[in-house]
Amino acid sequence: MTLIIRHMTQDDIPFVQEISRTSWHATYEGIIPRPIQDKFLQTAYSRNRLMHRFQDSPFFVAEHNGTLVGFANFSNVKDELAELFAIYLIPKIQGQGIGTALLQHGMQALQGAKSLTVCVEKDNITGVHFYNAKGFQISDEFDDQFDGHILKTVRMVLELPPAE
C-alpha cells in the first residue's frame, strides 16, 4: 500500500467535494435528514469555502495508491488549543489506518498545541469509537442547532504530548 499524506491543493477540490458527499451520506444516514446534509455540503464544501479553508488552515489529503481517499482539516493553533474541523474517508477504505495517519500528520503540524478538540455527533458511533481509540476523552455534551435539526453533540479532547 502506498499512502501519501500531503497538503491539499486547488486541484484536489473536486475530489474533496466527492469524498465529503460520499462519507457524509454514509455516516449520517438516519441521523441527519438528507436534504439538510445536501444543503450543508453545498455550503461548507463549495469551491470558494474549500479555497479559503486550505489557504487559511492546516488541510491535508490522503492519497492511497495514487487516488485521493480522505482528508482532514484542522484549526490553526490559538492559545495552545487546536480543533479538528473534519476528517473524512471514502467509506470502503475505513479501518485501514488512513484516518489514523491523517490525524497523526495533522497533530504533528499543530506546533505549540497542547490539546486537540473535536465535536462529534453522538449517534456517529464509528466516529466516537475512532476518537476514543485515539485517546480522546468526552469533555461535554450539548444540543447543536443544525439547519433546523437538533444534533446531540459530544466534545472530545485529546491532550497532546509536548513537542520534542
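What is the relative accessibility of D147, and what does D147 count as at that value?

Guide: D147 has a relative accessibility of 42% and counts as partly exposed. The class runs between buried, under 20% relative accessible area, and exposed, over 50%, for a 1.4 Å probe and protein chains only. Two notes come before the rest. This is a predicted model, in which local features need pLDDT of at least 70 and side-chain atom pairs pLDDT 80 or more, while totals for chains, interfaces and linings use all residues. Residues are numbered from 1 along each chain as its sequence is written, and side-chain values use heavy atoms, without hydrogens or water.

Start with the backbone of D147. Its phi is near 55°, a positive value in a residue other than glycine. Most residues other than glycine have a negative phi. D147 sits in the loop between strand 6 and strand 7. Helices (H or I, at least four residues) and strands (E, at least two) are DSSP runs, numbered from the N terminus.

D79 is exposed, with a relative accessible area of 64%.

Now the side chain of D147. It forms a salt bridge with K39, with 3.4 Å between the closest N and O atoms. K39 lies in helix 2 (residues 34-44) and D147 in the loop between strand 6 (137-146) and strand 7 (149-159), so the bridge ties together parts that are 108 residues apart in sequence. K39 is partly exposed as well, at a relative accessible area of 47%. A salt bridge here is a Lys or Arg side-chain nitrogen within 4 Å of an Asp or Glu carboxyl oxygen.

Other salt bridges come next. The whole structure holds nine of them. One pairs K122 with E141, the closest N and O atoms being 2.9 Å apart. K122 is in the loop between strand 5 (115-121) and helix 5 (125-133), E141 is in strand 6, and this pair links distant parts of the chain, 19 residues apart. K122 is partly exposed at 38% relative accessible area. E141, at 47% relative accessibility, is partly exposed too.

R6 bridges to D12, with the closest N and O atoms 2.7 Å apart. R6 is partly exposed, with a relative accessible area of 23%. D12 is buried, with a relative accessible area of 5%. A network of salt bridges links R6, D12 and E63.

Return to helix 2, the element that holds K39. Q37 is buried at a relative accessible area of 0%. Leaving aside neighbours within four places in sequence, Q37 is in contact (heavy atoms within 4.5 Å) with W24, H25, Y28, E29 and I32.

Strand 4 gives the largest share, seven residues. By class, the lining has 22 nonpolar, twelve polar and five charged residues. Nonpolar means Ala, Val, Leu, Ile, Met, Phe, Trp, Tyr, Cys and Pro; charged means Asp, Glu, Lys and Arg; the others, Gly among them, are polar.

The largest pocket holds about 960 Å³ of space. A pocket is an open set of points on a 1 Å grid over the protein atoms alone where a 1.4 Å probe fits, with protein on both sides within 12 Å along at least five of seven lines; lining residues have an atom within 4 Å of a point. Points join across faces, edges and corners, and the volume is the space filled by probe spheres set on them.
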